[in-house]
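Q: Hi! I have a structure open here and would like to talk through a few spots in it. Can we start?

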Amino acid sequence: MSASEGLPEIDEGLYSRQLYVLGREAMQKMATVAVLVSGMKGLGVEIAKNIILAGVRSVTVHDQNDAEWSDLSSQFYLSKNDVGENRAMVSQHHLAGLNSYVPVLACTEELSENFLSDFQVVVLTNSPLEEQLHISDFCHANNICFVLADTKGLTGQLFCDFGEHFMVYDPSEDEPLSATIHDITQGSPGILTVACDDVHVQGHHFQNGDLVTFSEVEGMTELNGCKPRPIHVRDQYSLEIGDTSSFSPHKRGGIITQVKMPQEHSFRSLRASMENPKISTPDKGILPHYHTLHLAFWALHVFKSEMLRLPRPRNQADADKMVELAQKLLPMGQEPLDEDLVRTFAYGCTGDLSPVNAFIGALAAQEVLKAASGKFTPLDQWLYFDAHECLPEKELVVQLTEEDCAPLDSRYDGQIAIFGTDFQERLGRQKYFVAGAGAIGCELLKNFAMIGLAAGEGGNITVTDMDSIEYSNLNRQFLFRPQDMSKQKSEVAAAAIKLMNPNVNVTAHQNQVGRDSECLYGDDFFLGLDGVASALDSLKAREYVGERCVQYLKPLLDSGTAGTKGHAQVFVPFVTEPYGHSQDLEEREYALCTLRHFPSTIQHTLQWAQDQFEGLFKATPESINQFLKDPSFLETQEVEALEQVQISLQKKPHGWGHCVTWARRLWERLFSHDIQQLLYNFPPGHKTSSGLPFWSGLKRCPQRLMFDCNNTAHMTFILAASRLFAQIHSLNASEDNAVTCQLLLDLHLPPFHPRHGVHIPITDQEMQTSLGTVDQMRLAELNQELAALKQELEERGVLLSNLMEPIHFEKYHQMTWSCWDRIEVPGVDAKGEEMTLRDLCNYLQKEHSLVPRILLYGKAFFYAGFWDEKKREQKLSSSLTGLLHQVTGQTVAKDCQLLVLAMVCEDEEEDSDLPPVHVWLQPKNSKK
């Protein structure tokens, strides 16, 4: 009998996307599980909504309390007419319409053990600690999966207990890892090296303890089809695979493949976890922060049991009491409490935010699905989250007060408690563009409605989506119902959020976002916006929206999902990189040992060159200036920086000849002596401890260079380095290259002698360890010598004459441009007359020292320096809109406010990314 026999059938039309991620067997298991969700405030309804859409057997929603006015801050299924009615009963009516395959029941009685026994998963929200502990103990003893979720203001917590013997049948959604084998040694353990033909491949991605099997191995055939065996990771290219000493020698090739095996997980109960919580985080450095949040939530339960209320917003006395309670709960031996964090938590814990509930609610629902299906590794066991970075910075003169955050009997009181009334009023006036009304679009619109975005005078949300509602959409896009099929998504979504918050101003469009719709979403539209939210499936459309936000300097919230993974990125003008400009492989941070000793790509060499530039001509001069001016400089510096200061002051150049000598010695060190030292430590035939070639994979054996005055590249380096060295020392550089060549010919440098005992790190970890080792004796010696040197300079009266001129690594006429920058030009004068192309070129040269060589409008040439004189004069005399009509055939609309031109300038490389030129055809103060 198959594992899935007897399990319920799955509606493939409804669950198609989810089936692709979870698989049929996992979804069939889910369809046998009954779930209880207790607490129908904002967080509870989020969890219930997500579970119902996913397709479990049944969901029971529980709440003994009636709806209050403050619940409307985040409970999207409650309205003012529901105030005074039981929250579970009102919610059940709405939730039952989400998925016809999932019966939704309501319970308003106290939770008894007999009642709890009917469920396989129990979720608690908005529950006192005594109830949490009692129900957790019962669930743990009776093999019922238990999930605890809570949010307070900008903070959330999540806890999972799935019992002492919970089986995970598929730990992750990723396809099993595999790699091509380069070599396998005979030994105990045998060492396997993966093949790396592509310089961009950063080794394997296996982890310690992974189980693997083998195929297509020639020679050591005993491995082919073997039982899964555990591995141990040595480095990014090699693995220990167990005893291979009795196997045949490896000849060539083969594939190593990860094998996914069921895993048993053991959980502690809530009671056993309170004093020593196991908190999941990849960053162990932030654990003290999360431990403080754990104590803050615990202290809040104590506070409420004593005071019968929550701490008042921004109330200092209540915050101090919270700190006092948290200190009493602090276990012996734990790191000190972050009292400021507890106070920040206390100031806003009466807050109730829809976005925070949506985030924690999504995570909690995902854990329920893991419990129900045995698919994917569950949370182990606590998770804490806070978004306190959303609060006003402490450095601001105006801080929020208790009066600012006091309740106003408003549906937004849960938000006012955190951000104040002024913030809420500004939210109401916002004008936003939401592109896409699919799964993410529905969630965004719901959150926007609940926070009151565009719900005030002058505010508006424009949502556009050209698609109509299909059956499969009902599984993920919760604003839609079966009766909405074939209707326009944007119209149905807009109507749905109007029911959630009747005050929200929303306009529905059915337009595709792109160049064809710029007649609708043009200058007036984008200039009138406060921000944009992109929820589009098409990468091309998302890129286009990102470009428009850069052009009009508008904040962008971009989001997307792929299977169980998702992302949300915020792009803010002049604060973050724009969409599509995030750091890629060319801009990433590379391992120090790779840059210094083992570069393998052109990107490595470029980064190495920039690091050299900044170290020689920026960092060292800055250190010297700080040493000469700041008495405390010696107390904060490391050995390497102090040695550079000492050498630079003792060997100060006094003329061009000294600069050339310094540059020539630098060349010899970088391109000859350092290479020879590396090859002395690791000769071309060097083997690793495993007997493998050291110079293999991404480690490329280097060759020293021999300096040649007739080599253009060599001389370019010498001249550039000499001139830069002269500049930082305020010396004149010679323009006579013949003089420089003669200086080089007359210069005789000592031959290379290898240094014995020099350790060259071969991993970044070794590099960091070596950098972190401080020679205290040498440090004290340098401090003493530099103090004496400074005193000598003071006595000679030449202290300040040793100040240097740091050089910053810049482009574009010593001007550094960001991707948000643009060159703005007034296209009309005070009399309202439009400028000509000649006026534009003159303005760019006068105001920005830029001489245009090419100006482009889209792909059309607006101006080109290679045109003959007659054509240039004709174009230069034309008005900008007239010229645009000539080159494109387009007539510029009377209400057009902005022309955007791309520019290439004299003395700039053709691929130089100068900012776009924005020509305003109407006075800027007329913008909406």
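This is a predicted model: local features need pLDDT of at least 70, side-chain atom pairs count only at pLDDT 80 or more; totals for chains, interfaces and linings use all residues.

Q: Is Thr292 buried or exposed?
A: Thr292 is buried: its relative accessible area is 3%, and the cut-off for buried is under 20%.

Q: And what is Thr292 in contact with, leaving aside its neighbours within four places in sequence?
A: With those set aside, its contacts are Leu337, Asp338, Leu341 and Val342.

Q: Changing topic to H25. What span should that helix have, and how far apart are its end C-alpha atoms?
A: Helix H25 has 20 residues, 776-795, so at 1.5 Å a residue it should span 28 Å. Its end C-alpha atoms are 29 Å apart, which agrees.

Q: Which residues of H25 are buried?
A: Those are Leu779, Leu782, Leu786, Leu789, Lys790 and Leu793. Looking down the axis of H25, the buried residues fall within an arc of 100°, so they line one face of the helix.

Q: What do the buried residues of H25 pack against?
A: They pack against two helices, H19 (602-629) and H20 (639-650).

Q: Which exposed residues are on the face turned away from the buried side of H25?
A: That face carries Met777, Gln784 and Glu795.

Q: Are Cys519 and Cys549 buried or exposed?
A: Cys519 counts as exposed, at 70% relative accessibility, whereas Cys549 counts as buried, at 1%.

Q: Back to helices. At what angle do H11 and H14 pack?
A: The angle is about 145°, and the axes are 9 Å apart. H11 covers residues 354-373 and H14 covers 439-451.

Q: Which residues make that contact?
A: From H11 there are Ser354, Pro355 and Ala358, and from H14 there are Lys446, Asn447, Met450 and Ile451. By class, the contact of H11 with H14 has four nonpolar, two polar and one charged residues.

Q: Last one: how many residues of H3 are buried?
A: 13 of its 13 residues, so by the under 20% cut-off H3 is mostly covered. Just after H3, Gly55 takes a positive phi of about 100°.

Definitions and conventions: Residues are numbered from 1 along each chain as its sequence is written. Side-chain values use heavy atoms; hydrogens and water are left out. Helices (H or I, at least four residues) and strands (E, at least two) are DSSP runs, numbered from the N terminus. The expected span of a helix is 1.5 Å times one less than its number of residues. Buried means under 20% relative accessible area, exposed over 50%, partly exposed in between (1.4 Å probe, protein chains only). The arc is that of the directions from the helix axis to the C-beta atoms. Contact means heavy atoms within 4.5 Å. Axes are lines fitted to C-alpha atoms, for helices over the stretch in contact, and angles run from 0 to 180 degrees between N-to-C directions. Ala, Val, Leu, Ile, Met, Phe, Trp, Tyr, Cys and Pro count as nonpolar, Asp, Glu, Lys and Arg as charged, and the others, Gly among them, as polar.
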